[in-house]
Amino acid sequence: MAPAGCKKINEYLWEIPRSFKQGMQVPVRIYAGKQLLDAMDPAVFEQAANVAALPGIVGYSYCMPDGHSGYGFPIGGMAAFDSEKGVISPGGIGFDINCGMRLVATSLSWEEVKPQIQLLVDRLFNSIPAGVGGKGSLQLSRSEFRTLCEKGMKWCLKKGFAIQEDLDRTEETGCIKDADASKVSEKAVERGYRQIGTLGSGNHYLEIQVARPENILDRELAAAFGIDRPNQVVLMFHCGSRGFGHQIATDYLQGFLRVMQSKYGIPIRDRELACAPFTSEEGQDYFKAMNCAINMSFVNRQVILHRIREVFSEIFRKDPLDLGLHQIYDVTHNTAKVERHTWEGKQRNLLIHRKGATRAFAPGMKGIPKEYRAAGQPVIIGGSMETGSYLLAGVESGRQSFFTTAHGSGRTMGRRQAKKQFRGQDLEKRLRDQGIYIRSASYAGLAEEAGAAYKDIDQVVQTTAAAGLSRPVVKLVPVGNVKG
Amino acid sequence: MPYRYLDDLTVADVAFEARGTTLVELFTTAWQASLQVMIENPTDIAGAESRSIALEEPNLDLLLHNFLQELIYYKDAEGLLLRIEECRIHWREADGEPAKLRARAAGQTIDPKIHHLGTDVKAVTFYNFSLVRDDRGWKATVVLDV
């Protein structure tokens with residue numbers, strides 16, 4: 001329930017004034033209809049207000065319609081900081097740096113894939129390690145791993161794990177600049193260098209999905225993104241930088257806590273909001289290390305795509321590109337990036353923190369692959385394994401939120417409550433009865449991810465559209481799922 | 001049970017409260033609660049491999065935080081699930097000296113055929129993180145990012 005004083009700006013936008021909490025530099029803005037707003041847990045508002053008190057914040061502390069409480073920032077939180085006077089905070093990015101989504105087309109129809117669905121899911125499950133501490137099949141030295149952290153998907157291209165088109169259709173072309181592996185601890189490398197090509201667990205998954213004709217919401221944009229035939233099969237997956245990113249966030253969070261108040265005079269309201277001035281030595285070191293995790297995560301998803309191509313090629317006995325296995329797009333939803341935006345009539349360099357929030361650039365903007373420039377940036381919003389996911393596009397009215405939209409459906413039920421309510425084995429059977437073949441590394445983990453543990457994805461997506469943050473293009477329904 | 005999960009503290013992650021009459025008991029219990037998130041049958045972890053942990057931190061709550069973090073590190077870096085075999089903690093409130101820990105942990109490589117996997121723990125967060133002493137001994141509140 002929203003706090004007293006929360007003001008309705010319009011049907012899909014609410015504002016918590018600066019008077020809500022001492023120290024707030026800007027108001028909080030929440031994108032939600034009344035129902036989604038009322039369903040948000042109270043910690044969301046507290047956390048968004050704490051973010052509003054960080055030095056150098058510009059505009060508002062935002063929360064997307066899928067928002068729920070996290071630690072530091074809420075999940076679904078976004079904040080822009082002045083690149084000269086503002087801060088950088090690991091709590092505004094998350095431990096899973098560059099957790100993100102990738103969507104891959106095929107030229108196959110559901111009718112062609114259906115006879116092979118069990119075999120496909122089984123093979124994908126065996127090729128792409130999932131679950132607690134999963135290790136990938138790539139044998140890398142620690143020094144090679146440090147190289148790939150700086151090169152990102154360019155490393156994949158050189159090693160034969162990618163084609164140029166994959167890079168072109170990835171946010172930051174799969175290689176963010178200002179990545180410096182000398183700023184990464186040996187511990188972070190140890191945690192990550194054997195995890196390339198792995199899904200992880202929790203809400204991470206790989207799905208085979210179908211674009212049913214009745215779910216094509218914008219035919220022209222769908223075709224622009226490569227979804228142009230009836231019952232077309234696509235693949236969507238969700239994962240991040242694994243133990244590598246988790247360790248970088250942990251290392252720097254503790255480092256920031258040592259200097260935040262004593263050296264920079266920034267009061268610590270919540271230790272998860274530890275931060276340092278962006279231009280400080282500590283801030284820049286974290287930025288360069290965090291960028292390594294962004295690149296590692298792009299590589300992780302690329303190696304997964306490579307494995308997907310191998311599996312499809314083996315089963316359908318064709319070259320993967322002859323099967324239409326072209327990447328549609330890869331978006332990140334846990335980052336801090338320097339972007340140039342207009343705010344109050346002035347062009348400014350801003351450090352945009354998105355934690356469980358997706359960049360959604362409008363048509364014509366720089367940074368969008370040229371083939372999508374007229375359509376707008378593809379946005380991938382993953383739903384629960386039961387209800388489906390969405391492909392959307394950025395829109396001009398997204399300027400209001402620095403071109404940011406939602407990232408998922410957002411949890412409403414705690415993990416333990418979900419485990420009490422659902423049994424993994426029952427869920428697996430029910431999904432199979434519904435035509436969704438699933439393989440999971442963990443029955444307990446499966447129960448935690450039951451569809452009923454999440455908000456209604458349709459409502460979240462409709463809210464982003466009504467609020468002018470992004471335009472729905474296709475709803476994609478699952479038919480096969482590999483669950484971490 | 002010397003620990004209990006707190007359902008109201010977090011929606012997407014896992015929170016627990018651990019108790020111990022001594023600091024060693026508290027630290028060991030907090031790790032049991034974390035391990036139980038990752039595998040459902042932690043008592044089936046064989047003690048084939050052994051690792052030593054030595055930590056020194058300016059205060060007790062950071063000592064607990066980094067103790068848990070160190071054990072999570074071994075899960076990713078070496079694929080090892082560890083149980084605490086021995087633990088010694090040196091801390092005196094009055095002397096202002098750093099809090100110190102030495103522990104020996106033993107365990108085995110994760111094997112989905114033996115260990116019933118739960119949810120991977122990414123990190124120990126500072127969200128509502130606390131370590132306090134009350135009339136029943138020591139109490140810690142921990143939120144794990146999963």
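**Stop one: a helix over a sheet**

Start in chain A with helix H2 (residues 42–52), which lies across E2, E3, strand E4 (57–71) and strand E5 (73–82) and runs at about 155° to E4(A). Helices (H or I, at least four residues) and strands (E, at least two) are DSSP runs, numbered from the N terminus. Angles run from 0 to 180 degrees between N-to-C directions, with axes fitted to C-alpha atoms, for helices over the stretch in contact. This is a predicted model, where local features need pLDDT of at least 70 and side-chain atom pairs count only at pLDDT 80 or more, while totals for chains, interfaces and linings use all residues. Residues are numbered from 1 along each chain as its sequence is written, and chains are lettered from A and ligands numbered from 1 in the order in which they are written.

Now show the strands of the open sheet in chain A: 7 of them, in the order E1-E2-E3-E4-E5-E13-E12, with mixed pairing. Two strands pair if DSSP finds at least two bridges between them. E1 (7–10) and E12 (334–343) of chain A each have a single partner strand, so these edge strands have one side without a neighbour in the sheet. On average, neighbouring strands are turned by 30° against each other, direction ignored.

Zoom in on E2 (residues 13–16) and E3 (residues 28–31) of chain A: they run antiparallel, joined by 4 bridges. Select Glu15(A) and you'll find its bridge partner in E3(A), Arg29(A).

**Stop two: two crossing helices**

Select H4 (residues 117–127) and H11 (residues 281–316) of chain A, whose axes come within 10 Å and cross at roughly 140°. That angle makes H4(A) oblique to H11(A); angles under 35 degrees count as roughly parallel, over 145 as roughly antiparallel, 65 to 115 as roughly perpendicular and the rest as oblique. Among the residues of H4(A) that meet H11(A) are Leu120(A) and Leu124(A), and the H11(A) side includes Ile308(A) and Val311(A). Contact here means C-beta atoms, placed from the backbone, within 7 Å.

**Stop three: two positive phi values**

Which residue in a loop comes next? Thr173(A), between H7 (164–168) and H8 (186–192) of chain A. Its phi is near 45°, a positive value in a residue other than glycine. Thr173(A) counts as partly exposed, with 18 C-beta neighbours inside 10 Å. Finish on Arg242(A), in helix H10 (residues 242–259) of chain A, with phi near 55°. Arg242(A) is buried, having 31 other C-beta atoms within 10 Å; buried takes 20 or more, exposed 12 or fewer, and partly exposed is in between, with C-beta atoms placed from the backbone.

Technical notes
Contact = placed C-beta atoms within 7 Å.
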